[in-house]
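I opened my notebook to look around a new protein model, one entry at a time. Come along and check each entry against the picture.

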Amino acid sequence: MDYQALAELLFPNVTATVEEIEARYPARNLPEGAKVTRFAPSPTGFVHFGGMYQAVVDERLAHQSGGVFFLRIEDTDGQREIKGAVEALLRTLSDYGVAYDEGPRIDENGNLHEVGAYGPYKQSQRAELYHVFAKKLVAEGKAYPCFTTAEELEEIQETDKKAEIKNTDWHVAAEQKRAAMLAGRVFTMEEVRAHLAAGDPFVIRILANGDPDKKTKFTDQVKGSLEVPENDEDFVLLKSDGIPTYHFAHAVDDHLMKTTHVIRGEDWLPSLPKHIMLFNYLGFKMPKYLHTAQILKTDENGGKKKLSKRDMGAKMDDYREMGYVTEAVWEYLLTLLNSNFEEWHAQNPDKSCLDFPFNIKKMATSGCLFDFTKLNDVSKNVLSKMTADEIYTKFLDWAQQFDPAFAACLAADPDKAKAIFAIGRGGKKPRKDLTTWKDVKPYMSFFYTPYFSVDRTPLARFPEEDVTAVCTRFLESWDPADEMGAWFDKIKGIADALGYASDMKAYKADPTAFKGSVADVSMFLRVAVTGRENAPDLYTVMQILGDNETRARIQALMNV
RNA sequence: GGCCCGGUGGUCAAGCGGCUAAGACACCGCCCUUUCACGGCGGUAACACGGGUUCGAUUCCCGUCCGGGUCACCA
């Protein structure tokens, strides 16, 4: 077989040589130890949590080492492509502050353009490159055309399924399919010519020479030492539309674009033998690999499953909808990424997450369950550290989309809203009432008349005349100008006058000696003013509500 | 089913031949507190199992079991 002639026959339009291509992609001029990483999502319309996990590793590794982090769009599957997906993807990365150096960008007018000297950064635009290398492999007898159609291959599998052979059907299907593919290895130039003349579609397959019973050692940067079998599968390099498969594109692109570290999910581990063979055949130096742990969830049967796009939290966009702030998701991600992050963060509370010395060695080696409870805790802490201004701005941005009516309410009086957000904020022990933006409304809506209503049930266990008496006396003595101490002294005075203990210690020592305590008296007022039993500091609430509203609410409680 | 990866409390996890087996979240209790939210203190709870190797195994090796991944002209 004249492989050179076969290559010409198959790729008559490919004139560029491998050397010419290589010359277009010179070595990157980077300092020693600088890592070149890439995030290579397929444009399916959203960024998966697992993808973000990898993107963060990419970004950290590259930028911590003075290297380059680029973005490459893997749009080799035209059928799955969704329009606007790239834009959505870029927006998500930008929302989360994952900065990349090269790849597609959106300009002020919303148009896409590329930056970087190693492009194109969309695989669909790199066809020429792949074809040159495919031609080379064919010319060297390492790849061959296969005219067996996808339908024919599928048919073989279908018959197996219909036969309902259990247990062994995988084996049988695999063997038959393999036999069919292997049959394609044997052909003559004449047959190829005839197929080509007839316009038959074909794919380019690799000619695998591996023995799966032979294992070789491979070192993965996160998994450590691995045993991988040799590849014996004639997998497809170029699909019948001339577009490469992931495997081929991975080898060609990451070689040309000078990737030093490939970060991808561990679900890629099984195809590592293919990649090893490809890099070998092509004469490329292999990059280092980091196969990251999967993020799992508990399924209805108690088992673990990969987080699928239907699960809440799988799509990065979900978090905004659920009311999480990006910083919280970032921190949670970091806690999963590096087990010592939390410790570091506790010791360096004022440092940015970007200052954290991210370390590959600290990465999890096995899959972990996505834990909303933990995310919530992280989120609660993140929100508690923000200033009232920050909270106001960010919440408003969220609420304008998800609860415009309430947003308008707050925006009508920014100072009031900020004063509310400022309650118990700052200092060493800030309040932690908010986990997500969804908590804001239940927490503080009572400040706003349209959302205010009174739940009297806490009052039921006390005589109504006591409630009325407390309210009356409070209205008589209240002076909004009072300091908190004076204010509370007045309440204690009312408690004493009505037979309620003003001294909690005395009350606890003998509760039967009193009708109740100052805590109960406060509760009457709290119910009147906030409509409920639990609320932030009552003195501050009254200050924010103001003289008129406070009095009106207390008055209203008595009038019912 | 073949191949690959993994198995420390409910969850995330330290550990890397000798420890009363860290810590965080969750849960429970107590304290603080005019309620709540914080904060403080304490508690329940783990090395999957069986063989080796070793003076000694959570740590190393083998097997079993269990969990996960993967087996496309998808990535």
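**Entry 1: a cut-off, then a lysine.** I call a residue buried when its relative accessible area is under 20%, and exposed when that area is over 50%. I also note that this is a predicted model. My first stop was Lys258, in the loop between helix H9 (246-256) and strand S10 (261-265). Is Lys258 buried or exposed? Its relative accessibility is 18%, so Lys258 counts as buried. I then looked up its backbone and found a positive phi of about 65°, although Lys258 is not a glycine. I wrote a reminder beside that: most residues other than glycine have a negative phi.

**Entry 2: a peptide bond.** Next I looked at the loop between strand S4 (112-115) and helix H5 (127-139), where Pro120 lies. Which form does the peptide bond from Gly119 to Pro120 take? I found it to be cis, with omega near 0°. My reminder here is that most peptide bonds are trans.

**Entry 3: the whole chain.** I stepped back to view chain A, which has 23 helices and 16 strands. The C-alpha trace spans about 110 × 55 × 40 Å along its principal axes. I looked up the radius of gyration too: chain A has 33 Å, while a compact globule of 560 residues would have one near 24 Å. Of the 560 residues, 48% count as buried. The accessible surface of chain A comes to about 27000 Å², and 50% of it belongs to carbon and sulfur atoms.

I also checked the contacts between residues at least 6 apart in sequence, and 73% of them join residues at least 24 apart. For the charges, I noted 69 positive and 85 negative ones in chain A, with mean positions 3 Å apart.

**Entry 4: a covered strand.** I picked strand S1 (residues 36-39) and asked which of its residues are buried. On one side I found Val36 and Arg38, on the other Thr37 and Phe39, and all are buried, so to my eye both faces of S1 are covered. Strand S2 (residues 68-71) runs parallel to S1, and 4 bridges join the two. Val36 has Val68 in S2 as its bridge partner.

Entry 5: What is the order of the strands in the open sheet of 3 strands? I read it as S13-S12-S14, with mixed pairing. Strand S13 (304-306) and strand S14 (368-369) are the edge strands, each pairing on one side only. Strand S12 (residues 295-298) pairs with S14 in the parallel sense over 2 bridges. In that pairing, Ile295 has Cys368 of S14 as its bridge partner.

**Entry 6: two residues in helices.** Phe395 lies in helix H15 (residues 388-402). Its relative accessible area is 1%, so I list Phe395 as buried. Which residues does Phe395 contact, leaving aside neighbours within four places in sequence? I wrote down Phe406, Leu410, Phe421, Trp437 and Val440. I also compared positions with Gln123: it sits 272 residues from Phe395 along the chain, and their C-alpha atoms are separated by 39 Å.

My last stop was Ser522, in helix H22 (residues 518-530). Ser522 counts as buried because its relative accessibility is 8%. With neighbours within four places in sequence left aside, Ser522 is in contact with Phe488, Ile491 and Leu538.

Note on methods. Residues numbered from 1 in each chain as written. Chains lettered and ligands numbered in written order. Predicted model: local features only at pLDDT ≥ 70, side-chain atom pairs only at ≥ 80, totals over all residues. Heavy atoms only, no water. Rg over C-alpha atoms; globule rule 2.2 N^0.38 Å. Buried < 20%, exposed > 50% of the residue type's maximum accessible area, 1.4 Å probe, protein only. Contact = heavy atoms within 4.5 Å. Areas by Shrake-Rupley, 256 points an atom, 1.4 Å probe, with all protein chains shown as cover. Lys, Arg positive; Asp, Glu negative; His and termini not counted. Charge placed at Lys NZ, Arg CZ, Asp CG, Glu CD. Pairing = 2+ DSSP bridges.
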